Amino acid sequence: MIELDTLSVTFAAGSALRDISLKIAPGDRLGIVGESGSGKSLLASCLMGMAPDAATLSGTLTIDGVDMSDADEETWRPLRARRVAMIFQEPMSALNPLRRVGDTVAEPLRLHFGLSRDEAAKRVAELFAEVDLPNPERRARMFPHELSGGQRQRVLIALALACDPALLIADEPTTALDANVALQVTDLLVDLSEKRGMALVLISHDLASVARSTERVAVMYGGDIVERGGTDDVLHAPQHPYTQGLLAARPDPQAALRDEQGKRKRLPTIPGNVPPLSGLAQGCRFAGRCALERPDCATARPVPHGPRMLLCPVVEGAA
Amino acid sequence: MTLLRAEGLTRHYPLPRTRVLGPRPRLTAIEDASFTISAGETLGVVGESGSGKSTLARLVMAFEKPDAGSVAFDGKDLHSLSRPDLRRLRPEFQMIFQDPYGSLDPRRRVGWSLGEPLRAMGTDEGRKIADSLVQVGLHAEDATKFPHEFSGGQRQRIAIARAIITRPQLLVADEAVSALDVSVRAQILNLLMDLQEELGLAMLFISHDMAVVAALCDTLMVLKSGNVLEQGNAAAILNAPQHEYTQSLLTAAGTP
Amino acid sequence: MTYFILRRTLGFIGTLFAVSIVVFATMNILPGDPAMSILGLEATEDALAALREDLGLNAPVHIRYVEWITGAFVGDFGTSHSFRVPVSELIGERLGMTISLAVAGMLLTLVLALSLGIFAASKHRQIGDWGVMFLSQLGIAVPAFWLSILLVLLFAVKLRWLPPGGFAGWDDPVAAMRSLILPTVALALVQSSVLARVTRSSALEVMRQDFTRTARASGLSQRRILWRHVLPNALVPIVTIVGMQFAALVTGTIVIENVFYLPGLGRLIFQSISNRDLPTVQALVMLFAAIVVTANFIVDLLYVVIDPRLKARQ
Amino acid sequence: MTRLPANFLLGAVLVSLMVGLAALSLVWTPHDPTALDIRNKFADPSMTNWLGTDKLGRDVVSQLMLGARNSMTVALVAVLMGGSIGVVLGLLAAGIGGWVEDLVMRLADLSFAFPALLFAIMLAAVFGPSLSNAVFAIAFINIPIFARVTRASANQIWTRDYVMAARAAGMGTFAISRDHILPNIAAAIIVQATIEFAVAILAEAALSYLGLGAQPPAASWGRMLSEAQTLMYLAPELAIYPGLCIVAAVLGFGLLGDGLRDITDPRLVRER
């Protein structure tokens, strides 16, 4: 359905996405994991045709067999909401504060499907019920500030579902929410994807929520996908040094806190800092922080290999 | 030995009036919180937005006064001290903040910012600035640079260096690692553990993330909407949470 | 919400009261002898004393204030000693002119500013944006009175399309309208330059917010996003500036009336200054200040209509 | 340093031109600007009188230069006076808070009811019109403007973590205002001052035009225009030059202020 082939995005400061290849089939649930500056949100905006004006795209981005990599706004517009929909991190600011949320959700219905006011209101109530908003008719008449953070995110999900998209992109949908609300929202997304046969791309820095909700995962670092495979395989047996470091650096609340001498256990760390866009290496972008680094890692472009896609010249890929 | 003793801490914020008559509505930020921190020990406070954890930090730092309750540091009631006495005591308890980009004055060199607590105390800066930079894993020469020349993780190191430069007994950390990437977060957590062992620091460590608190704390306090849900030994709570809410926080922090 | 309106109304009355004190104090307590400034330095002591008595200057200051403010409350601003008629009568005759000019100026300002501002925002960083921005920058820099002179030079002196100034009364509506065209344009061009810039920048601010991205992601057209989502949200800061511009509008009206010799309140105030007619000046200053305060009060109430969040919060 | 914005450069050129003319007039003008020469009235531009002469035969260029000096002086004095009082009030309001802040802001609200013109009218009615009244009126309206800008930006800085850190270190309100608040809001204040400078030039011109400012024979652009207006049919060009000067000066400071804002506004920097 959606296919990226060596898609790259370049800014004046440097290259922000490098040779990204991905396939998303109907009903797929794909997690994209990475820290700040990994390019995961930029990748999401590319899938919506909403990359910043300053960005230069190369490679191909195919939706339903049509190459959209240099399509203009008018070509993209019919696809948005109907083929690809998106929800964002901040549910408060993502809703127009001056409009009743029901009107916001009804707008694309009336615009794209030509529904009448009453038909649209009815459909909005159905959608609100589908995303588990209690008392849908009443909620529809409320303003965003009258709803809680979790309810707002549900409204945004309903808005995204309004035109039956084939793919829903969720960009850090739970980061701004409290923990138990976040769990509910994540579970709702999985549920909707299964019921509707809708593909889901979940972008997150939170490994736990990706583990909970996706079948496949792509780990990004510095604009590269460094490792890609089944979610369980990647998160339980990571092969790329970066994925390994990232997983190890998470403190485990259930693990023993102190060693035999009664000293606190230190966490395994990845040395150094996430490099800025302009400071990325020509070769492997993880060079400089990697424990397995060889002399030519920083200069030689790594080639993706292995049954589980791996972008590391040192590690031999395995399934 | 008890270093900090908070008893019955309560703080309300007045909300704007909505009707002409009747009492003014108010928001309960924190209600009847009591806890102690012993020298060299770490108390973790876990809670989400609106739980009152930041209010707790401001009360302990004596940035604002509680509506009820008291905070005693080293036996002295912080909120009844005179302003000069409070200022003289301040070097003993310091704070680090969430946003590494907001906690350093962008117009001041790192060395100037590090020297501020010393100047406030009226002590000589001497080699202390260079020493504390080295102590947090940076270089003495970094004192002449500006904050924007550093990454987020490095800035948090600088903020920590400033907080320990007066050799405090207590460090209050409000979401100090939340804004950092996972790979950098572990470095800062390790640094805090190192410093705690070297300096015998006691810590009040506030976070929304159970996993981070677990890595660092001896005792735990779980806050929700201003109320203390449960508190006690960290390992005990982590292994057998009494409250459903605590359990959901643990699930959220769970390993993938 | 009732509480909000009640509180604003009380604040409004309080401000009016404070304004009256400031006006009265400036004109009555500042070191300066009104009688002397009316009659000049050569006046005899007897004449001065007589005038002081006449103006009621011998009563204590607070008594005079109370008399003035209670009188003003029922529309009695005392008697103009140069025109020898009640001040309220002078004001009544000229109020129509000033209000017509101000209202026409404001309307033209709003039309120009909103359309130009939104246009510029929609062409952000393109030639249309630069053009509007340059013209408005120029419009801000041009003094209204000089613009008036230029307009008169072009349309009255050179082309002879419109009268250069003066006003023959409302009896001939066409002639009256013709006399008001140039003043209205002069007033509105300068005002709308400021407002167009505000409109553009607050529209751009809104366009940067997340919900415009949501609207775009829902497949809405650029036009629809601009008029249905961006403009309503941009209105909040725009209304604020409109409220503040009433001060400038009042000033502008006073100046423009003097440039075009229009028989309004602004003209009256200057005649009164030349005539040393303090009661009239005092009444007019109070009136103008009250207009500004009232305009801001109305704007405060307008927020509640525009922004549902305020209803809930206050 | 990145390339300077065009509005900043154009503004800087215009401002230096006007300030240069004003400064030059202190030591040299082509003619004595007040010297009358009735026989040479309404002279066309020539080698001796570059822009001709007015109805009393005075040299227009010399008068314009004096007008520049007058404008700059009035604006400088008024903005400095009003601005420094306003900045101090704003810092106090933000630093102390509570009733002090309420009082300052109430007073600021109140003074917005009095545009400079109304204030000047009151002063002129009591004391008679004079340039110093005009300066005072313009300075007065600058107080609440600067108080508000200062308070708003200072309050923002007061919530920053580095200010909290300074408080934690034991720094007092005065020391924090001096070490952290003022340096971090200086840019905003300078931008505001530049823009208010432009506004002050406009206000002085309007007041002098209306007869509430500079009194004859003092040279002022506004007064030159009011004289020229009465001679519109006789010598329309006399109504052009002073207006152009006002526009150039106001435009210059306005562009300079906008340019400075573009340079110093961190939001815009991040966007680049």
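This briefing describes the nonpolar cores and the salt bridges of the structure above. The structure is a predicted model, in which local features need pLDDT of at least 70 and side-chain atom pairs count only at pLDDT 80 or more, while totals for chains, interfaces and linings use all residues. Residues are numbered from 1 along each chain as its sequence is written, chains are lettered from A and ligands numbered from 1 in the order in which they are written, and side-chain values use heavy atoms, with hydrogens and water left out.

**Nonpolar cores**

- In soluble globular proteins, nonpolar side chains tend to be buried together.
- A nonpolar core is a set of buried Ala, Val, Leu, Ile, Met, Phe, Trp, Tyr and Cys residues joined through side-chain atoms within 4.5 Å, where buried means under 20% relative accessible area, exposed means over 50%, and partly exposed lies in between (1.4 Å probe, protein chains only).
- The largest nonpolar core has 157 residues, and those with the most contacts inside it are C:F145, D:I121 and D:W221.
- Helix α7 (residues 173–209) of chain D gives this core its largest share, 15 residues; helices here are DSSP runs (H or I) of at least four residues, numbered from the N terminus.
- If residues up to four places away in sequence are not counted, C:F145 touches C:V255, C:V259, D:A205, D:A206, D:Y209, D:L225 and D:I246, a contact being heavy atoms within 4.5 Å.
- A second, separate core of 149 residues includes A:V155, A:I157, B:V182 and B:I188.

**Salt bridges within one helix**

- A search of the whole structure finds 39 salt bridges over all chains, each being a side-chain nitrogen of Lys or Arg within 4 Å of a carboxyl oxygen of Asp or Glu.
- In helix α2 (residues 83–89) of chain B, B:D85 and B:R88 lie three residues apart, about one turn of the helix, and their side chains meet in a salt bridge (2.8 Å, N to O).
- B:D85 is partly exposed, with a relative accessible area of 35%, whereas B:R88 is exposed at 62%.
- C:R213 and C:D210, three residues apart in helix α9 (residues 210–217) of chain C, form a salt bridge of 3.7 Å, N to O.

**A salt bridge between helices, and a network**

- D:E101 forms a salt bridge with D:R151, with the closest N and O atoms 2.6 Å apart.
- D:E101 lies in helix α3 (residues 98–111) of chain D and D:R151 in helix α5 (residues 131–158) of chain D, so the pair ties together parts that are 50 residues apart in sequence.
- D:E101 is buried at 15% relative accessible area, while D:R151 is partly exposed at 24%.
- In chain B, a network of salt bridges links B:R11, B:R58, B:E64 and B:D67.

Definitions and conventions
Helices (H or I, at least four residues) and strands (E, at least two) are DSSP runs, numbered from the N terminus.
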